[in-house]
Amino acid sequence: MAAGLRKRGQPASVGQPAGIWKQWLQRAWQERYLLLREPRYTLLVASCLCIAEVGITFWVIHRVAYTEIDWKAYMAQVEGFVNGTYDYTQLQGDTGPLVYPAGFLYIFTGLFYATDRGTDIPMAQNIFAVLYLVTLVLVFLIYHQTSKVPPFVFFFMCCASYRVHSIFVLRLFNDPVAMALLFLSINLFLAQCWSWGCCCFSLAVSVKMNVLLFAPGLLFLLLTQFGFRGALPKLAICAALQVVLGLPFLLENPIGYLSRSFDLGRQFLFQWTVNWRFLPETIFLHRAFHLALLAAHLSLLLLFALYRWHRTGESILALLKDPSKRKVPPQPLTPNQIVSILFTSNFIGICFSRSLHYQFYVWYFHTLPYLLWAMPARWLTHLLRLLVLGLIELSWNTYPSTSFSSAALHLCHAVILLQLWLSPQFFPKSIQPSRKTH
């Protein structure tokens, strides 16, 4: 009898998940208008968009012609490494010398063998298509935890950007690899796995240095969370990984490796600039212009750190103290604090970049919805935010860039910066200045 009861109970246990899903879908249909506006539906909308992106991405691969830009150069540089060349100054490609840190070589060595020494382009495109989908999943996990962006915006982040699909699967740049690792590190920070997050962050830097634009924000978060002494081990992880990855090349030619892979003064070609087309080429190439941009970048970072990120009422130097010894009781960092500071740090760096090339769009493309919607100003309506997104997309899709497209890009960046400065920040209620009751 007991066995019979168990047998009769089995169909109910199997059917129970199906019933829950049915109820959930019915409720979602009843609230279909809220589905596009409420952040609590992020995972549902994200799942649908990821499924759609599988078809769109592989359609792009099979219907749109592949364009060779840097892939052959990457493979030539990797081939030199595979053949035993560890002097960075001797690693060359069709488009010039190798200018990326050692992590790039190791990852693209794997791609070198997976694509028959770089000759199997369709296989490379399929690998990058999977990388694109993984990146989307990592980004959606971040948006789910912050719960600030209405899901309808994700359609524009996924299906409506030709340029981003092109960067991933039609150009095969290394920028997407670095950004995927960066988004993985942010997910680890959100999970309070700071050591592993720093490890992934450093790995992303070892693929391409643009990830360093997030570094000021990360440093601020580490000091806020751990104080100076507590942050040192995390910073040591970042530094140690760079040394370990670069060790074969540092032993061969340390100056050559450091000067090539971390060349902060590298000159960019005016013909590829997306953001400074309206300037004369002589000004674009002038060192005084570069120094002015650097000064503006550092000044704005300092202003945000002093007046937008640090709001405890104590001096910013209090961040150097152990959290338990500060006047204001330590509070756990919220997901929105972590994400807003990291995304803002990167965005400020992009606004004052000496030059932005077309593949650099992925440096901040997936962060734009958060920057526009998570910290909104009342004067910036949904329509205006979509207009800003559209103009940014149009600017990056204008080839060659024009004075108008570059000016439009800067105007959109200025609007986002202004609303970041004016909008309320995400700080725990217990550390916000209290209002006196009259």
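The UniProt record, an unreviewed entry, lists "transmembrane region" for residues 41–61, 98–115, 127–146, 180–205, 211–228, 288–307 and 361–381. Its positions follow the numbering used here, its feature names are shortened, and its annotations may be inferred rather than shown by experiment. The model is predicted: local features need pLDDT of at least 70, side-chain atom pairs count only at pLDDT 80 or more, and totals for chains, interfaces and linings use all residues. Residues are numbered from 1 along each chain as its sequence is written, and side-chain values use heavy atoms, without hydrogens and water.

Take two of the listed spans. Residues 180–205 are 88% helix and 0% strand, with end C-alpha atoms 11 Å apart. Residues 211–228 are 78% helix and 0% strand, and their end C-alpha atoms lie 22 Å apart. Helices here are DSSP runs (H or I, at least four residues), as are strands (E, at least two), numbered from the N terminus.

Now the pockets. A pocket is an open set of points on a 1 Å grid over the protein atoms alone, where a 1.4 Å probe fits, with protein on both sides within 12 Å along at least five of seven lines; lining residues have an atom within 4 Å of a point. The largest pocket has a volume of about 1100 Å³, counted as the space filled by probe spheres set on the points. It is lined by 40 residues, and Met-209, Asn-210, Leu-212, Leu-213 and Leu-264 are the closest to its centre. Helices α10 (194–205), α11 (215–252) and α14 (287–309) each give two or more residues to this lining.

The second largest pocket holds about 750 Å³. Of its 29 lining residues, Ile-69, Asp-70, Trp-272, His-357 and Gln-359 are the closest to the centre.

Next, the aromatic rings. The whole structure has 40 aromatic pairs (rings of Phe, Tyr and the six-membered ring of Trp, centres within 6.5 Å; planes under 30 degrees apart are stacked, over 60 edge-to-face, the rest tilted). Tyr-86 and Phe-249 pair edge-to-face, at 5.9 Å centre to centre and 65° between planes. Tyr-86 sits in the loop between α4 and β1 (92–93), Phe-249 in helix α11, 163 residues apart. Tyr-86 is partly exposed at 34% relative accessibility, while Phe-249 is buried at 0%. Buried means under 20% relative accessible area, exposed over 50%, partly exposed in between (1.4 Å probe, protein chains only).
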